[in-house]
Amino acid sequence: SLSHYDSVICGGGPAGLLAAIMLSRKYGPSHRIAVCERREAIPPSPNDNDVWSDIARFYLLGIGHRGQRALKEFDVFDDFEKASVEVRGRRNWEPGQTAE
């Protein structure tokens with residue numbers, strides 16, 4: 001039951017996991033944290049090259065400067081960097097947004 005936790009975080013993505021790290025560091029190991037995720041299974045390891053190609057890593061998630069700074073502050077940037085591909089000079093495309 002969720003009533004057994006001090007904090008409940010909805011979403012196990014980068015923001016949710018970083019929130020859990022921040023709460024743990026602020027309140028210590030006795031602070032009980034639940035991270036709820038809608039996916040039924042944990043995604044494959046980012047190191048599993050049979051599942052993820054560089055192109056798949058490239059488009060799954062973009063972390064801007066502020067997000068990268070937060071990851072560095074909480075000592076998880078190196079893991080993020082190992083599992084990601086740097087993108088330079090990117091152009092985003094959205095349906096219906098092409099110039100006439």
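F77 and F80 sit three residues apart in helix α4 (residues 77–82), and they are therefore separated by about one helical turn; helices here are DSSP runs of H or I with at least four residues, strands are runs of E with at least two, and both are numbered from the N terminus. The model is a predicted one, in which local features need pLDDT of at least 70 and side-chain atom pairs count only at pLDDT 80 or more, while totals for chains, interfaces and linings use all residues. Residues are numbered from 1 along each chain as its sequence is written, and side-chain values use heavy atoms, with hydrogens and water left out.

A search of the whole structure finds one aromatic pair. This pair is formed by F77 and F80, whose ring centres lie 5.9 Å apart with 50° between the planes, a tilted arrangement. Rings of Phe, Tyr and Trp (its six-membered ring) pair if their centres lie within 6.5 Å, and planes under 30 degrees apart count as stacked, over 60 as edge-to-face and the rest as tilted. K72 lies over the face of F77, at 4.8 Å from the ring centre; a charge sits over a ring if NZ of Lys or CZ of Arg is within 6 Å of the ring centre and within 35 degrees of the ring normal.

| Residue | Relative accessibility | Class |
|---|---|---|
| F77 | 12% | buried |
| F80 | 22% | partly exposed |
| H31 | 17% | buried |
| L18 | 12% | buried |

L18 is found in helix α1, and, leaving aside residues up to four places away in sequence, it touches A70 and F74, a contact being heavy atoms within 4.5 Å. The C-alpha atoms of L18 and L71 are separated by 7.6 Å, although these residues are 53 apart along the chain. H31, by contrast, lies in the loop between α1 (14–27) and β2 (33–36), and, with the residues up to four places away again not counted, H31 touches D6, S7 and L23.

For the chain as a whole, the secondary structure comes to four helices and two strands, which run β-α-β-α-α-α from the N terminus on. Of its 100 residues, 13% count as buried, and among contacts between residues at least 6 apart in sequence, 61% join residues at least 24 apart.

Key
Buried < 20%, exposed > 50% of the residue type's maximum accessible area, 1.4 Å probe, protein only.
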